[in-house]
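User: I'd like to go through some labels on this structure and ask what stands behind them. Can you walk me through it?

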Amino acid sequence: MTVVSAISLTWIPFESDIAIMLPEDETIQRSIRFLRESNFSDKVVVSLGLTSDDASTQELIRAVDSLADRLGPPLITKKITGLPSSDVMEEIRGFLLYVPQLFGEEQLARVQQQFTKEAVDARLKGVYRQLLLPGGNFALPLSRLDPLGIGTEALRSIERLSAAQGYDVIIEQNHFVSRDRRHALLILQTPIPLTDGMGSKRLLAYLNETLKGLPESVSADLISGHAHTVSNEEVMRRDIRLTTILASAAFFLVFLLGFRDVRAGIIFLIPLISILISISLCALIVGKVSYFIVGMGGVITGISIDYGILVYITVRAEGGVNNVVKVARSVIVGALTTASAFAAFFLSSVRGYHDLALFSIISILFCLCCSLFILPFLLRSGQGECSVPSDVVSLPSKSFRRVWGRFIVGAWILLMLLGGVELGQVNFNSDVSQYDGSPGEVLQAEERFQQVWGSRGQPAMAVLQGENLEEVLDQNERLHAEAVSQVDSKEFASIASLWPSKATRRANADRWKQFWTPEKTAQFRELLVDSCRACGFKPDAFEPFFDNLVPGKDIDDDPSNLGILEHLKDRFIVKNRDGYQVISFFPDEDAYIEKLSEVVTRYSNAFVVSRKALTLALSRSVSFEMPLLACIAVISISCLTLLLLRNLRLTLLALAPVLTSIIVAFGVMPVLGLPLNVPCLIAGMVVVGLTSDYGIFMVYQCRQKEKIGISLAVTLCAITTLIGAGSLLFARHPVLFGIGLTLTTGILSGYLSALLVIPPLYDLFQPAGKDSHTQ
Amino acid sequence: MKALMTLEPMRCFRALVATLLFACFCALTCESQEVATEFLRDVTENTNELLLRLEGQMSKIQTLQTDFTQEKRLAIMEGSFISRGCLFLDRPNRFAWHVREPVRFSLVVDGDIVRQWDEDTDKVMELPLSKNPAAQTALVQMKDWFSGAYHSLMGEYEVTILARKPTSIRFIPRNNTPASKVISSVTVFLCGLASDGAQPTPAPADSTAQSLKDNDERYIHQIIIEEKGGDRTEMTFTNTHLNEAIKQDAWDVRPRVQ
């Protein structure tokens, strides 16, 4: 079984996706699914900057183009350096031909208002003034096509929708350039999903290699989720390697100093084998094993080893193998209470917790069986001696307890009160970004990016899903109208403001034709010719306007030749396997989210995707779920403890280390300035399971009176667990570090309270003469 | 032997002539060494080297103030459209274009802000540079041509040296570049003679200084832009001052022209 499990490690798929640690809440999962399936997360943005004051924007643009030329399939499928066409004027001219389809009643009313001599004069004088500037006549073809600036509104929509990318850009020579003209953007699309660790690594290596070809005067920052995937995986791997080495070395030291018995090696082998088997069984049952779960391996080793140590110590004591029977019940209940703490995770809505529970329970049960049924058999067959006498750690003497007992209990109560006060100061942090263990250079590059390209952050999105594009576009128009009635229209970027559905465009085109009657056209021509004379323009200077007035464009004509429009449609309309998603962007701020979440509830196929909303939903889910799970864990542990001890007072005594560990582990968080988060809560529940064992064993020892080395066993159990948990304090990844801190403080305080507080409390609860008992 | 006697004086004579010719050549060479070096440089210096040299010289320009005459021949206008005024450039991001005639008009770009005034509306309009494409184009045009960074334009333009003294260069946009959609050619005349052979207008203050400027390749005398549609713009610059402190009021929109 062990060999098969070891071999299976080579083909087991491991994952580092943090999403498995998120609740199955519909809002959260829908947002995560959307971000996964849409192409937003599979983009890499390269921010290029000039490093020398002498270097020009021209050089920068050349560097962008050269870099874009060198990048290509299979890792890069699309490259965007700016506006898609090299001929912006031609693009705009082409777009203006669609204006009749895009103008509704409101816009036509505004056109009507311009039918005065003053308005036409003012417009033509504007064209005249433009000609006073060097290069002012470059825009003349557009002015001739649209002397009234009718299309300006549509062009502003293009500009606003382009800016909705979340970057503060200006367009220079068709490239995305920063306002200081010293930085340029290159946006890349890749088929590598963020969750693909190996693919992300290949992608980054390819990009970094290509970036080496940049001139010395140009530097580059890579901004991408892939960088986080790779760096998180690297940090996690490094942490696992380090913690494994540290834990192994410490275990070896404990073995060398504490046991000096070859057969004791079996105790250490049992949890290692159990981990191997647990990984394989988990992979068999759930398909994939998360690095987070494996990261808990060192801790699980500490938990599972306890039963072996207890059996080993009692077998080495007077009475030998027969002692196993005496401690069997406490070991079984100890294992069951710990398993029950993990079992509570099955009630969680987070898939990662299910995996953790499965992994832990398999490991614990395997260790329990080995400790009770295989270990005694192996220990009996050989000779050996524990180097530490079983009474080296024993209950404090009666005289000591008489003198110091009340003092210790008083100090413990004081500590609990102080800890309770600190516990009230704990901040719960549900922001998912705290689980990001990316190193400084990745975060610094992102900070530089924010400084150069604006700090508005990623916008939130309102998403409409449907099978038929025209139907979704139609709904999107209604959603847009409702949204702009609630929030600032300039901040709600929707394709509806630029490109409505076919039905609306047809209605607009008909309205346009009705508007431009021959009489009205003649009247306008007359006005225009008069103004032309006043400004020195030829009478036919603006004839192109009339040439394009009536024909417009066919409704069914898809303007795929207009790169600007296609570029925007790519961003606002996403095709997926279920049909189409039409996306609108708005600032990820509470006021917008609140109002627009209300608007989208009126559409069965619409939802909001926002980082803030995601955090809020996560916080809501966790704040409801975690106390429930904690209650279930505490109740199950209490019931099992009561089942063993069959005495309410003793049960309360056995739970004293549990209370201590919770108050100390979570009370220390505000003292260290750290927030409480979900992984810490999970670790807290593990602590509850473990310290309840110590309580049960110590109460058992107080009742039993026999010197079979239970105090020593509990001490060794705590040490081995602390080795596993303490090694996590050297982890760089915030999740592993948080878990390590909670476990270390919780186990240490739980152990000390079990050893020092339970005996005097036992004396207080069970006066002399009443402590004799029957097994 | 007789034959030998008659041959010897001939040889002596030839040697004498050769020596005299060599001496004359050496003397001439020494006297015109400077001219020869310049001639040699003109012959051997290729376009690349010339542009690099100009770029090196003009990169030292921090400020520029000059009067301009702009003549546009446009398809939509009857006759030539001539405007006169002055321009100021303070690298990297300050630019002012003040028109005196035919109408008073000012445009000042200061960093990311554009301020514009005209006598007709008598209003100052302030906009971000990114929202004013006309100002962006004007700024880019002036910065590109006055920066002298012509070498870096070689990727986008095909560059031809039309003349050496005074230097004139023609830039023709390469196919499929953004400029190629609008511009047919841009010709830049540096110091000295104008396109029609006339001398640039001398500076009224100091003729010696003007003479120096005539030989200084950092000074642009004229720019001619020919567009695809047949429109043509000629900008002639006179009374040019480089790297001199620009008065603060140059960056004010209204007071300057009132």
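Analyst: Here are the ground rules, followed by your questions one at a time. This is a predicted model, where local features need pLDDT of at least 70, side-chain atom pairs count only at pLDDT 80 or more, and totals for chains, interfaces and linings use all residues. Residues are numbered from 1 along each chain as its sequence is written, chains are lettered from A and ligands numbered from 1 in the order written, and side-chain values use heavy atoms, leaving out hydrogens and water.

User: Why is Leu652(A) called exposed?

Analyst: Exposed means over 50% relative accessible area, buried means under 20%, and partly exposed is in between (1.4 Å probe, protein chains only). Leu652(A) comes in at 52%, so exposed it is. You'll find Leu652(A) in helix 26 of chain A; helices here are DSSP runs of H or I with at least four residues, strands are runs of E with at least two, and both are numbered from the N terminus.

User: What makes Leu642(A), Leu648(A), Leu652(A), Leu764(A) and Phe765(A) a patch?

Analyst: Patch members need over 30% relative accessible area and no salt bridge, and nonpolar side chains (Val, Leu, Ile, Met, Phe, Trp, Tyr) are joined within 5 Å, like charges within 9 Å. A salt bridge would be a side-chain nitrogen of Lys or Arg within 4 Å of a carboxyl oxygen of Asp or Glu. Those five form a nonpolar surface patch with about 440 Å² of accessible area together, by the Shrake-Rupley method with a 1.4 Å probe and, for residues, only the protein chains shown as cover. Helix 26 (648-654) and helix 30 (734-765) of chain A each give two or more residues to the patch.

User: Which residues does the cis bond with omega of about 5° join?

Analyst: Pro73(A) and Pro74(A). Pro74(A) is in the loop between helix 3 (57-70) and strand 3 (78-80) of chain A.
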